[in-house]
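Student: I have a structure open and would like to learn how to read it. Could we go through it feature by feature?

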Amino acid sequence: MAGQCGIFSFSDDWEVARFLYYSLLSLQHRGAETAGIVTSDEESIYVYSKKGRVDDVFRDEEQIKTLKGWYGAGQVDLDHKSKLPFSNGEISVCFSGRVFDYDGEKIDKYDDVQLISEEITKEYKKCDAIGCLNNVTEKINGIYSIIAVTKSGDMLIARDSYGVQPLCLGSLKFNFGVVSNESATLDVIGADFTTDIERGENRIINRYTVDKYVKRENCNSAFCSFEYVYYARLDSIINGISIYECRRKIGCELAKQDDIDADVVIGVPETALPFGMGYSEETGIPAHLGFVRTGIHVRSAIKPTQTERLIGVQLKLNPIRTPVRGKKVILIDDSVVRGTTMRNIVYTLRLRGAREVHVRIGSPRIVSPCIYSDLVPVKDELIAADLTDEEITEVINADSFSYLSLEGLERSIGLSRDKLCAGCFTGEYPISWNGE
Amino acid sequence: MKILTIGNGSREHSIVESLAISNIEPVIFNIGSLINPGILELCEKSGGKVVRSDPNDPKKVVEIAESISPDFAIIGPEEPQFHGVPDALLDAGIATVGATANCSMIERSKAWMRRLMFKYKIVGRLRFKSFTSVEEAIAYINAYAESIVLKPARQSGGKGVRVISDLQEYLKKEKRAVKEKHAKYLIEKHMKPYSDIDDKILIEEKVSGTEYTLQCFSDGHSVIPTPLVQDNKPAFDGDLGPETGGMGCCSYRDTLPFITKEEVDDSLKIIKQSVDAIQKETDEKYKGIIAGQMMLTSLWGPTLIEFYSRFGDPEGVNVLPIMKTDFVEVCEAIISEKLNKIKIEFEDQATVVKAIAPRGYPDYRDLAKGHPISVDLKLLEKYGVRPYYGSIDVVNGSWITGGSRSIELFAKRDTIEEANEATERCIPAAKLLDGHQLFHRSDIGSKERLLVEADKANLAREIYLYRKEHNLIGRKVDWIPLRGKIEYKG
């Protein structure tokens with residue numbers, strides 16, 4: 001998965017590149033491996049993408065100035081092989097997801113972006129923008145989130161029928177239309193939330209019209225549950241649900257599963273802080289800050305290599321002494337993928353004199369990879385797919401260890417399992433290879 | 001009885017219709033720059049006719065009027081008022097419903113209007129600055145102006161307004177560039193054709209909140225309100241797209257679901273005080289229609305954004321068709337200054353009006369122009385939806401689109417949602433015969449949209465009521481290094 005955004009200005013006196021830059025910054029947590037922006041002024045398409053974080057890729061002020069025009073799109077990715085936006089000079093595409101089959105033919109991973117770009121280009125020559133998008137998306141078997149811009153002044157937006165990845169629309173009144181995975185982007189550039197892009201919706205924005213066409217397969221939503229637990233920003237509203245409220249409720253649900261006589265609740269920053277607050281609110285056990293970060297905020301779980309992840313964790317988490325010394329601690333984190341991070345945290349807490357460390361995880365057991373992205377690694381790298389809770393307790397050297405139940409997650413989000421994609425927690429996916 | 005109507009849009013179509021259904025059965029005439037098919041049909045049926053002429057030219061209008069010798073005239077749009085058409089008609093001895101050139105300054109000059117509100121200390125006023133030169137305007141923008149509205153100082157068909165919120169320091173450069181470009185455009189291009197006012201552009205403080213329009217009849221003594229209407233200015237669904245004259249409106253009985261009775265009363269008070277002030281300034285009676293385009297803001301509560309010296313378009317099309325009182329009677333009461341003697345009543349219904357425009361409107365009018373259009377009246381009848389024709393010209397019997405909104409569909413029902421559904425079913429009734437496309441806004445009057453507006457209203461209300469309680473209404477306090485505390489009292 002990735003972070004995607006697009007801006008379409010209705011008058012050509014705007015330069016949108018810097019707005020796209022800040023939009024991407026607001027989505028940095030969705031992928032820090034590559035970043036890219038495309039813009040157009042109806043004369044040319046201007047693209048720049050590179051490995052690195054948004055502020056590294058666009059460190060040079062001149063780079064932003066070369067991205068001319070009043071409409072464009074951008075993408076940050078957690079796949080370091082991604083080279084998005086993909087451009088052929090006429091059309092440039094931001095794509096996130098996974099196409100399994102196209103028009104009945106099996107598509108290999110990494111071929112999907114190019115294929116979708118070529119197909120959009122082909123159809124775009126034959127019909128108008130909305131017709132083009134309809135023809136292409138109809139043939140996709142897979143999940144996708146697409147934002148594309150054309151040299152002739154169209155912005156194309158599409159979201160699959162399951163709506164796995166979120167996408168919403170906003171408006172800077174009379175000036176811009178804005179699209180992004182997360183509503184926080186709208187806040188960051190000063191736009192107002194308008195509506196979610198619906199599941200199965202194709203939408204076109206140009207100077208003359210905002211066209212929408214919804215053709216939904218007969219299916220329930222399959223909103224990514226990882227968005228709620230971990231991926232999305234706290235200040236975003238995803239599919240109409242506040243991420244902050246959801247995470248606070250996860251903390252409450254964890255507390256309801258427990259009966260521990262502890263002295264302090266500590267959430268691991270940043271994601272698990274509201275879990276800790278919710279847990280404390282429910283039990284009355286005081287919540288404290290437990291760690292201070294060194295350096296920039298790095299999402300350690302989605303760094304690609306083990307060493308990078310460990311460096312991330314160690315820099316991120318220097319324990320504060322007083323809330324820990326001699327205390328019975330309830331330590332809450334968002335997920336346990338490989339167990340390395342957690343073992344390290346428990347170890348440092350014990351070094352600082354914690355008497356007991358009870359580890360709670362604000363998500364259900366991760367047992368299966370994400371087949372749509374690199375967000376969750378393959379099965380043999382997942383500790384929970386291999387070990388029981390008792391074994392994990394030993395491995396991380398905790399006094400007790402437990403996960404949030406799937407039912408607890410459903411209650412926290414406010415949606416039942418049949419409306420969510422909980423593939424990483426259950427191994428059941430809404431859509432996979434054709435016929436499987 | 002003979003009545004002359006001026007103007008050829010959807011608003012005038014509904015004015016003519018309201019006159020046509022009067023018990024007095026008047027003979028109706030119309031002067032417009034286009035031959036509006038709806039107005040044409042109604043006028044001819046009444047025994048009158050439609051004359052193609054320049055409705056902004058007082059001499060031509062008086063000439064035609066004298067050949068007709070109507071009992072009274074009614075002016076639809078604002079431009080004829082700005083050009084002194086009502087004054088010329090009155091001079092020729094023809095009673096007229098419609099603000100005179102001087103009274104219509106309330107709409108024509110946005111600077112005059114703002115100064116008036118300050119001079120008479122009318123609540124709901126926004127801080128502003130007016131400029132005549134690009135250099136001064138740009139200097140001001142660079143020194144002070146953050147979140148602002150840039151407007152042409154003269155009403156110019158609702159065009160040229162730019163709203164730029166500028167709260168993010170990191171996006172200042174781009175926003176400042178657009179503010180400068182727009183200020184330059186307004187002064188050097190947009191205002192070029194207008195020499196009838198001194199100010200060129202206005203920079204106003206930007207406020208936010210839900211918007212609504214309160215349209216009133218005035219006879220120089222009484223100001224009588226019509227039901228509250230909400231217009232939607234952005235061209236496309238979801239409040240996206242450039243600013244238009246209005247893509248559709250809804251109303252619900254005498255207010256809107258998200259505006260309180262007290263807020264309606266406060267808004268009416270603002271309009272009444274303004275009419276008094278206009279009359280004091282001009283020494284003329286305000287006889288016609290005055291409308292306040294309002295916003296519920298956290299700063300003031302009901303806040304005046306702009307005045308119309310006529311019915312809004314589409315807003316007028318919401319209220320006239322549900323007026324139970326005979327419109328001719330209302331016009332006569334305005335003329336004879338006896339509005340207080342009649343009771344003006346409206347049906348207890350929700351209304352939705354949706355504008356349909358050819359692709360290209362509002363910014364690329366040449367694209368929108370010149371397409372043959374047809375309307376399936378049977379489909380409209382089936383759902384009890386009425387068409388009000390706008391920018392359509394009858395040329396040799398064919399209907400050809402002008403550059404603006406072609407048609408407005410009107411529905412009344414018990415709820416806004418139902419009225420919205422009825423108009424939505426009738427959208428396919430309008431078709432361009434050459435394959436060019438029409439567009440409209442499907443979200444106006446939808447449940448989701450109403451919830452968004454209600455949320456905006458509640459947010460503003462919570463704050464302005466608190467401010468009111470603490471005597472902070474209309475006040476803004478700032479502290480500037482080396483200068484100290486500064487208080488703006490509006």
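Predicted model: local features only at pLDDT ≥ 70, side-chain atom pairs only at ≥ 80, totals over all residues.

Student: In what order do the seven strands of the open sheet in chain A stand?

Tutor: Strands (E, at least two residues) and helices (H or I, at least four) are DSSP runs, numbered from the N terminus. Two strands pair if DSSP finds at least two bridges between them. Here the order is β3-β2-β4-β1-β11-β10-β12 in chain A, with antiparallel pairing. β3 (45–51) and β12 (192–196) of chain A each have a single partner strand, so one side of each has no neighbour in the sheet. From one strand to the next, the twist averages 15°.

Student: How many bridges join β1 to β4 in chain A?

Tutor: Seven bridges join β1 (residues 2–9) and β4 (residues 71–77) of chain A. Within this pair, A:Q4 stands opposite A:Q75.

Student: Which strands form the parallel sheet of chain A?

Tutor: Five strands of chain A form that open sheet, in the order β19-β18-β22-β23-β24. Its edge strands, β19 (287–288) and β24 (400–403) of chain A, pair on one side only. Six bridges link β22 (residues 328–333) with β23 (residues 356–361) of chain A, and A:D333 has A:I361 as its bridge partner. Helix α13 (residues 389–396) of chain A packs on this sheet and touches β23 and β24 of chain A (contact means heavy atoms within 4.5 Å). The direction of α13(A) makes about 130° with that of β24(A); axes are lines fitted to C-alpha atoms, for helices over the stretch in contact, and angles run from 0 to 180 degrees between N-to-C directions.

Student: What area is buried between chain A and chain B?

Tutor: Buried area is the accessible area (1.4 Å probe) that two parts lose on being put together, summed over both. For chains A and B it is about 2700 Å², of which carbon and sulfur atoms give 58%. In contact are 28 residues of chain A and 27 residues of chain B. A:D13, A:F174 and A:Y208 lose the most area on the chain A side, together 28% of what that side buries.

Student: How are cavities found, and how many of 30 Å³ or more are there?

Tutor: Rolling a probe the size of a water molecule over the atoms shows where empty space is left. On a 1 Å grid over the protein atoms alone, a cavity is a set of points where a 1.4 Å probe fits but cannot get out, and lining residues have an atom within 4 Å of a point. Grid points are joined across faces, edges and corners, and a volume is the space filled by probe spheres set on the points. The count is six cavities of 30 Å³ or more.

Student: Which peptide bond of chain A is cis?

Tutor: A cis bond joins A:P269 and A:E270, with omega about -5°. A:E270 lies in the loop between β18 (264–267) and α9 (273–283) of chain A.

Technical notes
Residues numbered from 1 in each chain as written. Chains lettered and ligands numbered in written order. Heavy atoms only, no water. 1 Å grid on protein atoms, 1.4 Å probe; cavity = no way out; pocket = protein on both sides within 12 Å on 5 of 7 lines; lining within 4 Å.
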